[in-house]
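The following report examines a single protein chain.

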Amino acid sequence: MMLYVIKAAITLALLYSCFFIFLSKETFHRFNRCMLVGIMLISLVMPMFHFTTSHPTTLNEEVYIVQNYIEHDTTPIIVTAQQPQGITWIQALTWIYLAGVAIMLILTLVQAISLNRFMCSGVRHTDSQGNTVILHNNDVPPFSIFRYIVMSVKDYESSRQYILTHEQEHIRLGHTYDLLLLQGMKTLMWFNPFIWFLSRDLKAVHEYEADQAVINQGIDAKSYQQLLVMKVVGNRLQPFTNNLNHGSLKKRIVMMYQKPSNRWLMLKALCAIPVAALTINTFATPIETDPVEDMVKTLETTNVPTINEVKENVLTTVESVDETPFAIHPVADQ
């Protein structure tokens, strides 16, 4: 288990670093969102496959030694009265990791229960797109989850058009599902700083997408930005909800005025291919080749003449011998 988690964490770190360097500042919001979600999925799936290589590198061999040590050291130890054995450092790290996962699960469960109780109260009605709008008398920051939009009565009366349009875009684009996957990844890799960096960027991309959709619908940009400034204070209720005031306000306003990036710059995403290939080769298990198998492969690649070719060569040789003139020399008398 620990070997899988370590491989997944390293894969995510390498792929995210590639994204951050080449694509994080571009305006391909939909494309960047797909890249970040894809990085999470690839880091989960890739360690499940077992790769081998017959041409290991020095790095590959060193990594294999570490993998073999972890697998051997984390096997259950049978403690007997005659040979007592202590807990190894690998086992200690495993228990610490599991404790962190348990804490993350408990926190997520508590937040989900708290959110469910909060959404059960308030006045409900349905908007023009079939979403359920829940209004609260308290001053709560607007947010959305699945097909539910939560806001205060004050916000609904004063800024209904901006807030509903923003949250409706979150719902239409399915951002909640991204956040659920992200929360699962944060639970699995709570120790990995790169998943927290990815979380920040994914949530920012969600806001960029929703902001751009609001502007594209003809809403006045300055009035919308003033609303964002007013709502910049306030805390997030849950890790898997979309909030109007989430993210860096300065970056969101700058992104609204930023010139769209050239579509050809999307090709920079191809840098992830060699990074993924390097990761696969690094984690591949070196295998020793059998000399007999090598000889067979060599013979298979060698052009062996067929029977007909051999016959033709023999006949050609015989004909050439028959046509060769022979000189008869008399034997001298002794």
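In this report, helices are DSSP runs of type H or I with at least four residues, and they are numbered from the N terminus. Serine 17, for instance, is found in helix α1. The model described here is predicted.

**Overall composition**

The protein contains 12 helices and seven strands. It has 334 residues, of which 40% count as buried. Among the contacts with a separation of 6 or more, 70% are accounted for by residues 24 or more positions apart.

**Packing of helix pairs**

| Helix pair | Angle between axes | Distance between axes |
|---|---|---|
| α1 and α2 | about 160° | 8 Å |
| α8 and α9 | roughly 170° | within 11 Å |
| α7 and α9 | roughly 45° | within 10 Å |

Helix α1 comprises residues 2-22, and helix α2 comprises residues 29-45. An angle over 145 degrees counts as roughly antiparallel, and the angle of about 160° therefore makes α1 and α2 roughly antiparallel to each other. Their crossing is right-handed. On the side of α1, the contact is made by Tyr4, Ala8, Thr11, Leu12, Leu15, Tyr16 and Phe19. On the side of α2, Asn32, Met35, Leu36, Ile39, Met40, Ile42, Ser43 and Leu44 take part.

The axes of α8 and α9 cross at roughly 170°, which makes α8 roughly antiparallel to α9. From α8, this contact involves Ala221, Lys222, Tyr224, Gln225, Leu228 and Val229. From α9, it involves Leu249, Arg252, Ile253, Met256 and Tyr257.

How are α7 and α9 oriented to each other? With axes that cross at roughly 45°, α7 and α9 are oblique to each other. The crossing of α7 past α9 is right-handed. Glu207, Tyr208 and Asp211 of α7 meet Lys251, Arg252, Met255 and Met256 of α9 in this contact.

**The two sides of helix α9**

Helix α9 spans residues 249-257. Which residues of α9 are buried? They are Leu249, Arg252, Met255 and Met256. Seen down the axis of α9, these buried residues fall within an arc of 130°, so they line one face of the helix. An α-helix has 3.6 residues a turn, so residues three or four places apart point the same way.

The face of α9 turned away from the buried side carries the exposed residues Lys250, Lys251 and Tyr257. The buried residues of α9 are covered by elements that include α2, α5 (153-173), α7 (193-216) and α8.

**Selected residues**

Is glutamine 225 buried or exposed? Glutamine 225 belongs to helix α8, residues 221-230. Buried means a relative accessible area under 20%, and glutamine 225, with a relative accessible area of 10%, is therefore buried. When its neighbours within four places in sequence are left aside, glutamine 225 is in contact with Ile253, Met256 and Tyr257.

Leucine 44 has its place in helix α2. Residues up to four places away in sequence not being counted, leucine 44 touches Tyr4, Leu181, Met185 and Leu188. Leucine 44 and lysine 7 are 37 residues apart along the chain, and their C-alpha atoms are separated by 9.0 Å.

Serine 17 is partly exposed, with a relative accessible area of 27%. The C-alpha atoms of serine 17 and leucine 198 are separated by 9.5 Å, although these residues are 181 positions apart along the chain.

Phenylalanine 146 lies in the loop between β4 (143-145) and β5 (148-152). Its phi is near 50°, a positive value in a residue other than glycine. Phenylalanine 146 has a relative accessible area of 37% and is partly exposed.

Terms used. Residues are numbered from 1 along each chain as its sequence is written. This is a predicted model: local features need pLDDT of at least 70, side-chain atom pairs count only at pLDDT 80 or more; totals for chains, interfaces and linings use all residues. Side-chain values use heavy atoms; hydrogens and water are left out. Axes are lines fitted to C-alpha atoms, for helices over the stretch in contact, and angles run from 0 to 180 degrees between N-to-C directions. Angles under 35 degrees count as roughly parallel, over 145 as roughly antiparallel, 65 to 115 as roughly perpendicular and the rest as oblique. A crossing is left-handed if the near helix is turned anticlockwise from the far one by less than a right angle, and right-handed if clockwise. Contact means heavy atoms within 4.5 Å. Buried means under 20% relative accessible area, exposed over 50%, partly exposed in between (1.4 Å probe, protein chains only). The arc is that of the directions from the helix axis to the C-beta atoms.
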